[in-house]
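Subject: Structure handover

Hello,

Here is the model we talked about. Please load it before reading on.

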Amino acid sequence: EDDAQLRVASMRTQLCTESNEEKLKTICDQGLTDNWSQVREVCANTVQAGPELIKHWIEQIKKNQWNWRAVHGYCLAFASASDKQAIYEAALVAVIPIGLYATNAQARDAAVRVIASLGNYKDELEIRLIEIIHNNTSSAYAKCGALAALEKLESIAWPSHIDSALHVFGHEASIVRQAAATLCQRQVAKNPILFQLLHSLSIKNEFNQHQVEALLMLLDGVISDEANTALLHDAASPYLKIA
């Protein structure tokens with residue numbers, strides 16, 4: 001831990017004083033791929049990234065896409081950069097196809113942070129994320145990352161139709177079902193009719209086992225929120241009635 005603190009202090013000093021572009025690239029490559037997450041975070045949050053440095057990061061994350069620490073570090077750097085046009089381009093060619101597909105949750109979370117920082121490009125990003133969710137060849141990790149990214153974008157495009165929810169509610173991977181339930185939780189809070197329809201389908205045995213499990217995950221999240229609200233306001237909740 002003491003070693004990490006020393007490296008953090010050294011990293012800050014180097015990033016704040018180095019003016020040579022090539023040397024700065026080397027410092028970033030060392031910091032953003034460091035074994036310690038604290039060093040990676042400090043490097044990402046301290047460096048002032050221009051277009052050339054961002055292009056370099058894109059090249060590096062592609063070269064190191066199987067190193068989850070590198071994917072995590074470079075995604076943190078993208079998320080902290082101020083040039084959103086350049087970061088949007090990075091998201092299309094590197095963050096989405098590499099970061100969201102990462103098998104490591106920490107790396108995927110960093111990729112989600114990048115997408116969450118690109119609210120001005122919400123419509124374009126939603127299209128790509130929904131494509132990942134519906135693509136049968138996408139990995140469970142990619143679907144999980146895409147669902148989490150849609151949640152952070154506060155998407156209302158998914159699930160706009162029941163079949164969108166059912167598509168991932170029935171996925172064999174529990175991490176995908178949980179991510180879908182988490183995203184749907186916010187949607188059904190705004191639209192009780194959506195939840196009632198899902199509930200009626202489950203009663204009619206039109207759900208398979210995975211879909212029922214996802215619905216229960218959704219119900220658990222909604223009920224916990226609604227129960228507290230109902231107690232505070234002494235009001236009946238449509239979800240509590242269903243429960």
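Below are notes on the salt bridges, then on one helix and its neighbour.

This is a predicted model, with local features requiring pLDDT of at least 70, side-chain atom pairs counted only at pLDDT 80 or more, and totals for chains, interfaces and linings using all residues. Residues are numbered from 1 along each chain as its sequence is written, and side-chain values use heavy atoms, with hydrogens and water left out.

Salt bridges

There are three salt bridges in the structure. The term means a side-chain nitrogen of Lys or Arg within 4 Å of a carboxyl oxygen of Asp or Glu.

Asp 34 pairs with Arg 7, with the closest N and O atoms 2.6 Å apart. This pair links distant parts of the chain, 27 residues apart. Asp 34 lies in the loop between helix H2 (21-32) and helix H3 (37-46), and Arg 7 in helix H1 (residues 2-17). Helices here are DSSP runs (H or I, at least four residues), numbered from the N terminus. Asp 34 is buried at 12% relative accessible area. Arg 7 is partly exposed at 25%. The cut-offs: buried is under 20% relative accessible area, exposed over 50%, partly exposed in between (1.4 Å probe, protein chains only).

Glu 22 bridges to Lys 25, closest N and O atoms 3.3 Å apart. The two sit three residues apart in helix H2, so about one helical turn separates them. Glu 22 is partly exposed at 49%. Lys 25 is buried at 13%.

Lys 55 and Glu 52 form a salt bridge at 3.8 Å, N to O. Both are in helix H4 (residues 51-63), three residues and about one helical turn apart. Glu 52 is partly exposed at 44%.

Helix H9 and its partner

H9 (residues 140-152) has 13 residues. Its first and last C-alpha are 19 Å apart, close to the expected 18 Å (1.5 Å times one less than the number of residues). Its buried residues include Cys 144, Gly 145 and Leu 147. Just after H9, Glu 154 has a positive phi of about 55 degrees.

Helix H8 (residues 122-134) packs on H9 at about 145 degrees, axes 8 Å apart. Axes are lines fitted to C-alpha atoms, for helices over the stretch in contact, and angles run from 0 to 180 degrees between N-to-C directions.

Best wishes
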